[in-house]
Amino acid sequence: MSDLDTLIDKIGKNILDPLIVLLFGFAVIYFLWGAFEFIRDYDSPEARRTGAQHMLWGIIGMFIMVSAFGIMNLVGDTITSI
């Protein structure tokens with residue numbers, strides 16, 4: 001393993017992985033907040049719409065973070081195998 005491979009591996013494991021996990025956590029909290037709003041204000045159409053939007057963006061955020069994690073692993077594995 002060369003110095004570049006070691007550097008890329010350390011950056012991925014020590015910086016990018018925790019950052020992706022943190023952002024995924026924020027997306028989950030945002031989704032749960034939207035679900036809470038949706039359930040809490042079930043009689044208000046505007047509040048339900050806002051809650052549904054928060055849930056949608058939370059799901060989109062989670063999808064993006066899982067995709068970023070997968071792409072990062074794919075690129076890292078590709079670079080280290082060269």
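The lining of the largest pocket comprises 7 nonpolar, 4 polar and 4 charged residues (nonpolar: Ala, Val, Leu, Ile, Met, Phe, Trp, Tyr, Cys and Pro; charged: Asp, Glu, Lys and Arg; polar: the others, Gly among them). The model is predicted: local features need pLDDT of at least 70 and side-chain atom pairs pLDDT 80 or more, while totals for chains, interfaces and linings use all residues. Residues are numbered from 1 along each chain as its sequence is written, and side-chain values use heavy atoms, without hydrogens and water.

Centre of the largest pocket (an open set of 1 Å grid points for a 1.4 Å probe, with protein on both sides within 12 Å along at least five of seven lines; lining atoms within 4 Å of a point). Of the 15 lining residues, Ile 8, Asp 9, Gly 12, Met 72 and Gly 76 lie nearest the centre. H1 and H2 are the elements that give two or more residues to this lining. The pocket holds about 270 Å³ of space.

Packing of helix H1 (residues 3-40) against helix H2 (residues 45-81). Their axes are 7 Å apart, at an angle of about 165°, and the helices are therefore roughly antiparallel (over 145 degrees). By class, the contact has 24 nonpolar, 8 polar and 4 charged residues.

Methods. Axes fitted to C-alpha atoms, helices over the stretch in contact; angles between N-to-C directions. Helix = DSSP H or I, 4+ residues; strand = E, 2+ residues; numbered from the N terminus. Parallel < 35°, antiparallel > 145°, perpendicular 65-115°, else oblique. Points joined across faces, edges and corners; volume = space filled by probe spheres on them.
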